[in-house]
Every structure is written in C-alpha cells, then in structure tokens.
Amino acid sequence: MSGTRIIIDKDVEIPLRDGTITRADVYRLQDAPPGPVILVRTPYSKEDLVHIIAELFMDPFEMVRQGYVWLVQDVRGRFASEGDFEPFRNELQDGYDSVEWAAAQSWSNGKVGMAGSSYVGMTQWLAATQNPPHLRCIVPTMTASNYHEGVSYRSGALDFGTSMFWHLAVIGQHFLTREIDKGEASPEVLEKLTSSLFNIEEVMKSRPLAAVSPLDEAVHWYKTWLDHPSYDEYWKAIAPKEYYPSMNDIAVFNIGAWFDIFLGGTIENYTGMARKQGAKGSAGNRLLVGPWSHAEFSGRFAEMDFGLTASAYAANLGVKIKRFFDYWLKDEQNGIDSEPPVEVFVMGENVWKTAESYPLQETEWTKFYFHSGGSANTLKGDGALDTSAPETEPEDVYLFDPRNPVPTVGGNTLLLGYNINYNVGPKDQREIEGRSDVLCYSSEVLSGPLEIIGPVKSVLYASSSAKDTDWTVKLVDVHPDGRAFYVMEGILRARYHRSLEQAELLEPGKVYPFEIDLWSTAHVFKAGHKVRVEISSSNFPRYDVNTNTGGNFAEDRYEDMVHAVNTIYHTEEYPSHIVLPVIPRS
C-alpha cells in the first residue's frame with residue numbers, strides 16, 4: 001500500500017434525502033488509492049469499537065491496512081446523528097442514502113459492503129431492499145427476516161423477554177436522555193427506568209402489558225407494536241422477506257446461532273434468497289450457523305460445552321468473512337465459489353458439517369407420534385414417542401393457570417433479571433418436567449445415533465376450554481443419567497392458528513390442528529439417549545402469558561386471567577406428532 005498510517009475522520013456528516021444529518025467515523029489508510037467500503041450502520045454508538053469489532057469477528061484496523069475503508073455510522077436519532085429514532089422504519093431509505101453517499105466519496109472505489117450483527121444486520125437487509133446500485137454484498141449476523149415474527153412476536157405471542165431487554169437496558173436510557181433534552185420526556189421517567197433494572201422480575205409480572213411501567217413511558221413505539229399484534233401492513237412494509245422477489249441479486253453471507261433469538265429469521269433469509277435462483281451462485285448466498293447465542297460465541301454454556309472447535313474464533317469466522325469481502329469487493333478469485341455454501345455445527349457430535357443446500361438434500365422427514373394411556377403429565381407419566389401412528393388412545397389433559405406459568409429455562413433467550421449468559425442455551429429441563437401442566441413424551445433408549453439437521457415442526461390436534469390459549473412444544477435430549485437438555489422450542493398463540501395476518505378465536509371444546517414452528521437445529525441424539533417432546537402452554541418471561549380470555553391481551557389485567565383446560569389428542573383421526581429432519585446414516 002502507499003501508506004501504513006491509519007487516518008480516522010471523526011463525525012463526518014452524511015446528509016439524508018430529507019435533510020437530516022447523520023454522522024460517521026471513517027477509518028482509512030493515508031495516501032492510499034480509493035478502496036472498497038465496509039459500512040456499519042449502528043444504533044449502539046459508533047464510538048463503541050469493542051462492540052463493533054466483536055460483531056465483525058476480525059480486526060477492522062487490519063482490514064483497513066489491507067485496503068478497505070471502514071465507515072461506522074450512527075443511525076438517525078442515535079448518539080452523534082440528528083433526527084428522531086424509530087426502530088426499523090427509517091432504515092430503508094436512510095440505508096440507501098448512506099450506501100450511495102459512501103460510494104461517491106474520494107476515498108471510495110464505488111464498491112460498498114455492509115457488516116454487523118443484530119439490529120446492525122437489520123440495517124443491512126433494509127438497505128438492500130431498496131436496491132442501492134453500489135451495494136455489492138452484506139454480512140448480516142444473527143438478524144431477522146421480518147420484525148413482527150421472530151422479533152416483536154413469535155407465532156402471535158409477544159416476545160416479551162427480548163423486548164424488555166432491548167427497550168430498557170439497550171435503547172431506552174439514551175433514547176430518554178435525548179427526549180429529555182428536547183423537553184419531550186421528564187427526568188422522572190429516566191429515573192424510573194434505571195431503578196426498574198434492579199427490580200426487573202417484578203416489572204415483568206406487571207399487567208396489563210400496555211401499562212408495564214416504565215416500558216410504556218420510555219419508548220413510544222412499544223405501544224405501537226402492541227397495537228399491531230397481527231402481521232399487517234405496518235410490519236410488511238419493513239419486512240425484508242417481502243422484498244426478496246424485487247431485490248437485486250446481492251451477495252449475502254448469513255451468519256446465525258442455534259440458540260440465537262433471531263435464528264428463524266437468519267435461516268429464512270438464506271432460504272428466501274436461495275429461491276430467487278440468482279446468478280451469483282453459491283458464493284453469493286451463504287449460510288453458517290454455530291452453537292452460540294445472541295451474546296455468546298464460545299460454544300460454552302452454563303451446563304454444556306460444545307468443545308474446542310465450537311467458538312467463532314476456532315471456526316475462523318473472521319477469516320471467512322474477509323474472504324467473502326475479498327471475493328465480492330476486491331474481485332479476488334479465492335475459491336469460495338467452489339466451496340459448499342452451507343456450514344453448520346452439529347451439536348452432540350460437536351463437528352462442523354458442510355452442505356450444498358439447506359435443508360440438506362438427503363433429509364428424511366420423519367414423523368414421531370405422541371402416545372400415552374392418558375397420563376403423560378410430568379416426566380414420570382406414561383407419555384411415549386415413536387414412529388408408529390396411534391390408533392385409539394385416551395387424550396392427555398392439563399390445567400393451564402396463567403397466574404402460574406411454566407418458567408423459561410434456557411433456550412434462545414436474552415433476558416433481564418437473569419444472568420444473560422446463564423439462562424440461555426442447553427439447560428436441564430427436569431425442574432419444569434415435574435409440573436402437571438407439562439406433558440412429556442419420551443422415546444425408548446436409542447440403540448444408535450439419531451442425527452437431525454434442519455427445520456422442525458409439530459402438529460398438535462388439540463382443544464381448549466378457552467377462546468384462546470397458547471401451545472408450546474419443546475424438543476429435549478435426555479442423557480443416560482436423566483438430565484434432559486433443551487434442544488429447541490416453539491410457541492403458537494391459538495388465535496393465529498390459521499394465519500398470523502388474521503386472528504380467529506377458538507370454539508371451546510372443538511378439536512383443531514395447530515402447527516408449531518420450532519425453527520431449526522443440527523443435533524445428534526447419541527446411542528443410549530432418549531428423544532423427548534414437552535407440550536405445555538407457557539414459557540415465561542421469554543413470552544408473555546396468554547390470559548385465555550380471547551380479549552385484547554395487551555389490555556387484559558391480572559384479575560382478568562382465566563384457567564384453560566387444554567387437551568392433546570393422539571388417535572388415528574387426530575395423530576399429534578413432531579416432524580424431525582433425519583439425516584440417514586449408512
């Protein structure tokens with residue numbers, strides 16, 4: 001290179017089409033020729049270099065030394081940038097404007113890529129939906145495909161735990177500080193927010209949801225989200241998945257985690273773009289999923305360690321991202337176009353595996369049916385699981401009391417009031433399997449390994465005494481010593497059994513088919529283990545608790561809650577089951 005000194009231009013102004021001024025820091029090599037730009041658009045402060053480096057899994061200063069220009073921008077209304085922040089809604093046009101501004105600068109050669117995780121991944125997808133001419137590639141890490149399903153809600157249930165974490169601990173304090181400076185919020189609200197963080201478990205139990213103090217006072221869009229519980233035009237306008245058909249054939253490297261809060265969206269972004277059948281081939285639509293969570297990339301959890309090769313750094317994730325950028329922004333023929341586009345970590349065997357597609361071509365979609373003599377309640381009940389369809393069996397019944405919900409134990413979580421790196425991932429489920437409102441269906445001891453890679457769904461034939469209720473399904477790996485580790489889970493708010501776009505209350509006592517999406521996994525149940533499925537009606541505080549009234553669940557009060565008698569059927573007519581993506585072994 002012509003020089004080796006890195007220059008940092010601070011608070012460079014990036015004007016948007018409506019005149020709003022945003023600000024960015026530009027990292028570039030002194031006296032270097034124009035180079036490709038990596039744009040990071042963040043609501044979490046461009047000054048937080050540690051956070052941004054962690055998102056990239058590589059040293060951005062070394063990237064600058066290799067000829068890249070690194071551009072980190074505070075999005076509209078955050079930190080150094082002007083304007084009003086409202087999640088997602090401004091990122092489409094603002095992203096387009098920022099990409100094209102970057103491409104036109106003297107230090108840019110006109111080729112722009114984007115990087116970053118979580119909301120920073122969302123800014124990439126939202127910019128890409130608008131087809132900025134100079135955007136060549138993006139690397140969205142642990143991010144979503146739409147901001148209703150898998151962000152604000154999941155299959156109709158409010159993603160309450162994540163909302164509380166993001167609004168109160170991540171966004172709220174700085175947002176309120178700006179609002180106070182503008183005279184649009186009172187200092188008392190900020191004080192209330194700060195104090196709530198020390199009493200968050202009580203705050204989470206507040207009702208109604210529309211008046212959870214200080215959440216309802218701290219961020220105005222929380223109530224807007226509650227006003228749009230269905231997947232309506234409010235959400236569709238900002239959902240990347242709605243733009244797949246009209247998007248340019250942009251190169252995308254999707255990075256996800258098996259225990260991430262946005263896993264479902266990460267997978268959908270890959271498969272959705274794969275269906276475009278674009279011209280960029282395997283080098284232009286890639287997927288990598290590791291045994292990580294939204295805040296943990298080592299592959300080590302409180303109750304499970306996936307080994308030395310499990311971490312993002314052991315997997316050379318930073319190197320893989322750089323090779324992707326080199327191919328698309330520098331036109332280096334480094335061979336990624338001849339490599340399999342899919343790479344996943346298979347838990348249980350703790351190995352990385354590559355494939356030409358996702359789901360894998362050799363997948364055998366296998367139904368495992370639920371059985372019992374009518375007493376599947378608790379892990380000591382008579383619930384069974386196998387591939388034989390049921391004939392005539394008594395149903396399983398449990399009482400769902402919303403005042404005593406099943407607690408969240410591990411999983412794809414990001415929760416306040418709990419050590420976020422403790423109550424996440426594969427945790428032993430036996431403490432909840434002792435509850436009478438948890439049905440447990442267990443296989444016989446496996447004589448050989450059972451490998452599953454891909455999406456998992458369950459079909460419940462069920463009825464409720466209530467007009468609305470929730471159904472939860474959890475897949476569990478039971479070890480020989482009895483420990484029962486979380487693998488994956490799903491939820492469905494019953495009123496959305498036909499469509500997330502339109503609620504339809506239940507007829508009490510009527511049997512309906514309910515399809516529950518558990519998202520995806522890559523896992524081996526070892527010989528000597530059992531496969532278990534848990535069925536219940538709550539998972540709190542990961543999701544809000546259904547009041548069972550059939551009313552407006554945002555407005556329902558604690559005293560409005562009613563019991564629901566919920567019934568799962570497993571007969572020839574109503575064969576409740578789970579579908580596992582089995583990978584055959586020779």
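**Exposure, pairing and packing in a predicted model**

V397 lies in strand β15 (residues 396-400); strands (E, at least two residues) and helices (H or I, at least four) are DSSP runs, numbered from the N terminus. This is a predicted model, in which local features need pLDDT of at least 70 and side-chain atom pairs count only at pLDDT 80 or more, while totals for chains, interfaces and linings use all residues. Residues are numbered from 1 along each chain as its sequence is written, and side-chain values use heavy atoms, with hydrogens and water left out.

Q: Why is V397 called partly exposed?
A: The relative accessible area of V397 is 37%. Buried means under 20%, exposed over 50%, and partly exposed in between (1.4 Å probe, protein chains only), so V397 is partly exposed.

Q: What makes the nonpolar surface patch that includes V397?
A: V397, L399 and V565 make this patch of about 220 Å². Patch residues have over 30% relative accessible area and no salt bridge (a Lys or Arg side-chain nitrogen within 4 Å of an Asp or Glu carboxyl oxygen), and nonpolar side chains (Val, Leu, Ile, Met, Phe, Trp, Tyr) are joined within 5 Å.

Q: Why is Q173 counted as partly exposed?
A: Q173, in helix α5, has 30% relative accessibility, so Q173 falls in the partly exposed class.

Q: Which residues is Q173 in contact with, leaving aside its neighbours within four places in sequence?
A: They are L168, L190, L193, T194 and L197, where contact means heavy atoms within 4.5 Å.

Q: How do you know that the buried residues of α6 line one face of the helix?
A: The buried residues of α6 (residues 187-196) are V189, L193 and S196. Down the helix axis they fall within an arc of 65°, taken from the directions from the axis to the C-beta atoms, so they line one face. The face turned away from that buried side carries the exposed residues E188 and E191.

Q: What do the buried residues of α6 pack against?
A: They pack against α5 (160-181), α7 (200-204) and α8 (215-218).

Q: What makes β1 and β2 a pair?
A: Two strands pair if DSSP finds at least two bridges between them. Strand β1 (residues 6-15) and β2 have eight bridges, in the antiparallel sense, so they meet that rule. I6 stands opposite L29 in β2.

Q: Why is β2 called mostly covered?
A: Eight of the nine residues of β2 (residues 21-29) are buried. Strand β2 also runs antiparallel to β4 (residues 69-74), with four bridges, and the bridge partner of A24 in β4 is Q73.

Terms used:
Patch = residues over 30% accessible without salt bridge, like charges linked within 9 Å, V, L, I, M, F, W, Y side chains within 5 Å. Areas by Shrake-Rupley, 256 points an atom, 1.4 Å probe, with all protein chains shown as cover.
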